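Hi there,

Here is the structure I promised to pass along.

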Amino acid sequence: MHRTGTTRRTFMAGATAVTGAVGAGALPAAPATAASAAPAGPADGTEPPSVAVFGGGVAGLTAAHELAERGLRVTVHERRALGGKARSMDVPGSARGGRRPLPAEHGFRFIPGIYHNLPDTMRRIPFPGNAHGVYDNLVAPREMMFARTGREDLRMAIPWPGHRPERLTLDEIRRALTALVETAAGLPLHEGAYFVNRALVFLTSCDERRDTVWERTPWWDFTRAARMSETYQRILAIGVTRNIVATKAEEASTRTVGTLGEAFVFNALGRGADGPPDRILNAPTNEAWIDPWVAHLRSLGVEFRIGSTLREVRYGDGRITGALVEDAGGARATVTADHYVCALPVEHARRTWGAALRAADPRLARCDGLRTDWMTGIQFYLTERPPMVRGHVNCVDSPWSLTAIAQAGHWPERDFAADYGDGVAVECLSVDISEWDRPGILYGRTAKQCTREQVAREVWAQLKAALNDTGRTVLKDGALHSWFLDPGVDGLGTPHPTNEDELLIHPAGTFHLRPPAATAVPNFFLAGDYVSVDIDLATMEGANAAARQAVNALLDRTGSHAPRCTVKPLFRAPEIEALKRHDRTRFRLGLPNALDVG
């Protein structure tokens with residue numbers, strides 16, 4: 001999950017200008033925080049502890065941010081590019097006439113209102129003209145859509161206090177009402193009532209039942225989806241799941257889906273919300289967030305080593321003694337520091353943990369049971385603005401489980417054609433491909449079996465099937481300027497395709513395999529979206545919260561007097577807690593939830 005201001009033009013002249021301005025003190029000072037008021041450095045003038053952070057994604061940058069604010073000496077080692085899966089990137093060779101290259105990304109950013117820790121970090125990253133830093137670069141789409149193939153699309157406003165609905169034409173209103181009627185007709189009343197009952201069962205379930213029974217139960221089974229109508233399966237079981245947790249309903253644990261679903265419902269009701277349920281950035285991610293963040297960290301003294309790949313975390317005498325890294329040229333060296341934070345994605349991190357380190361903390365070995373899967377983005381650059389919903393589109397009937405958003409319309413301070421590419425493209429349609437192992441509609445092959453060109457053609461065909469199917473042409477072949485597929489995917493169309501940026505998934509029963517941020521090794525800490533935190537999901541919020549927990553553990557281990565990072569949990573409605581306590585009693589007696597009709 002997926003997924004992610006005022007005056008922009010003075011800043012967006014380029015990342016180099018930003019970094020230079022920060023170094024010269026041009027950006028406003030970071031907002032005052034408790035951490036900045038009480039650094040962790042020794043008062044006797046001795047050098048503060050050093051920390052080597054491996055991984056420059058959201059987890060690594062968050063750890064560096066919190067540590068640097070507390071006076072520690074931090075070096076971040078990143079093998080490829082800062083920002084990790086959250087970054088945006090340039091389309092090579094696409095710039096013309098003094099414009100910047102077309103912006104691309106691993107997948108569109110989505111920063112819902114249930115997030116609290118990540119927005120807190122964003123408020124502490126200065127940005128010219130913004131009172132609240134890069135946080136003010138978040139904008140709220142007002143609607144979303146379930147795009148049905150062969151049927152009218154289900155268009156829905158996103159409710160939140162202060163919400164202003166989009167202005168719709170008479171035809172758009174007709175289509176929206178038709179979709180509601182079709183959906184209602186396709187969803188038997190008893191099925192809708194049953195789904196509501198299942199939601200209430202989870203809502204009133206105690207933590208013990210959630211962590212055991214519902215963690216072992218796939219969402220598909222919990223909602224009895226196999227017995228229900230196609231509309232129930234597509235909208236309630238699959239569609240809602242993909243929108244909320246970017247995972248597969250057939251295998252995701254009920255604990256994961258239910259916990260996030262509960263948070264989103266209360267968010268929509270204005271309870272426990274940092275902001276609107278759906279927020280995205282008002283410019284390409286690096287311009288709106290990552291580049292200012294890196295510049296701010298440099299101003300705090302953080303050093304970066306780009307092209308530095310962690311190969312082995314070395315363990316001896318009860319501690320981490322060093323880290324073997326390899327540079328872009330293949331040369332190897334040992335990095336030493338007082339403390340080490342491993343902020344790599346789990347599929348990369350666990351390769352660096354040797355037998356001795358795993359024996360020192362068996363919880364590391366359990367990470368071998370965590371699973372990752374492919375969820376990768378492709379962008380289509382268009383010469384016309386498509387008449388799409390201003391928000392996210394979930395193509396619930398697409399074989400490759402596509403979700404998309406037309407981005408340029410959410411970038412009010414950007415003139416896309418004037419600022420990017422060759423001046424012809426006016427829109428960036430960003431698409432996430434969530435299913436890579438099912439045959440498509442054009443070639444009859446899975447995405448992994450297709451070449452890059454075939455993947456692009458197949459995704460375009462599936463988008464048109466979902467959007468151009470009820471007498472309206474949304475996407476035109478003649479308006480397709482170019483496309484860009486995440487370069488982390490390689491070897492498509494061969495027997496052994498690879499993906500450098502896989503996504504942690506949440507099959508039933510895997511929650512208890514997730515390790516804590518503090519390992520049994522006193523100078524070794526974990527940060528990443530696979531670490532056990534309150535938000536049980538592979539998200540930027542989870543990565544941020546895990547990094548905060550890692551920093552707190554490091555401060556505890558060193559006896560630092562610096563303030564600890566705030567780690568805010570998901571909202572829990574007080575009025576529901578009494579019902580959960582009642583369920584706890586029933587759980588201990590071996591009884592089902594009082595609302596559970598089976």
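To start with a question: does glutamate 427 count as buried, or as exposed? At 2% relative accessibility, glutamate 427 counts as buried, where buried means under 20% relative accessible area, exposed means over 50% and partly exposed lies in between (1.4 Å probe, protein chains only).

Before the rest, two notes on the source. This is a predicted model, in which local features need pLDDT of at least 70 and side-chain atom pairs count only at pLDDT 80 or more, while totals for chains, interfaces and linings use all residues. Residues are numbered from 1 along each chain as its sequence is written, and side-chain values use heavy atoms, with hydrogens and water left out.

**Salt bridges**

Glutamate 427 has a charged partner: it forms a salt bridge with arginine 385, and the closest N and O atoms are 3.4 Å apart. (A salt bridge here is a side-chain nitrogen of Lys or Arg within 4 Å of a carboxyl oxygen of Asp or Glu.) Glutamate 427 lies in strand β18 (residues 427-433) and arginine 385 in the loop between β15 and β16, so the pair ties together parts that are 42 residues apart in sequence. Helices (H or I, at least four residues) and strands (E, at least two) are DSSP runs, numbered from the N terminus. Arginine 385, at 47% relative accessibility, counts as partly exposed.

Another salt bridge joins lysine 476 to glutamate 384, with 3.3 Å between the closest N and O atoms. Lysine 476 sits in the loop between α16 (452-467) and β19 (480-485), and glutamate 384 in the loop between β15 (376-382) and β16 (393-395), so this pair ties together parts that are 92 residues apart in sequence. Lysine 476 is partly exposed, with a relative accessible area of 40%, and glutamate 384 is partly exposed too, at 38%.

Aspartate 274 and arginine 279 also meet through their side chains in a salt bridge (2.7 Å, N to O), and both of these residues are buried. Across the whole structure, a search finds 44 salt bridges.

**Helix α3**

Helix α3 (residues 58-69) has 12 residues and reaches 16 Å from its first C-alpha to its last. That is close to the 16 Å expected at 1.5 Å a residue, the expected span being 1.5 Å times one less than the number of residues. The helix is mostly covered, with 12 of its 12 residues buried; among them are Leu61, His65 and Glu66. Just after α3, glycine 71 takes a positive phi of about 90°.

**Helices α7 and α10**

Helix α7 (residues 207-214) and helix α10 (residues 254-268) pack at an angle of about 140°, with their axes 8 Å apart. Axes are lines fitted to C-alpha atoms, for helices over the stretch in contact, and angles run from 0 to 180 degrees between N-to-C directions. That makes α7 oblique to α10: angles under 35 degrees count as roughly parallel, over 145 as roughly antiparallel, 65 to 115 as roughly perpendicular and the rest as oblique. Arg210, Asp211 and Trp214 of α7 make the contact (heavy atoms within 4.5 Å) with Thr254, Arg255, Thr259 and Glu262 of α10.

**Glycine 423**

Lastly, glycine 423 is placed in the loop between α15 (416-419) and β18. Glycine 423 touches Arg99 and Ala417, not counting residues up to four places away in sequence.

Best wishes
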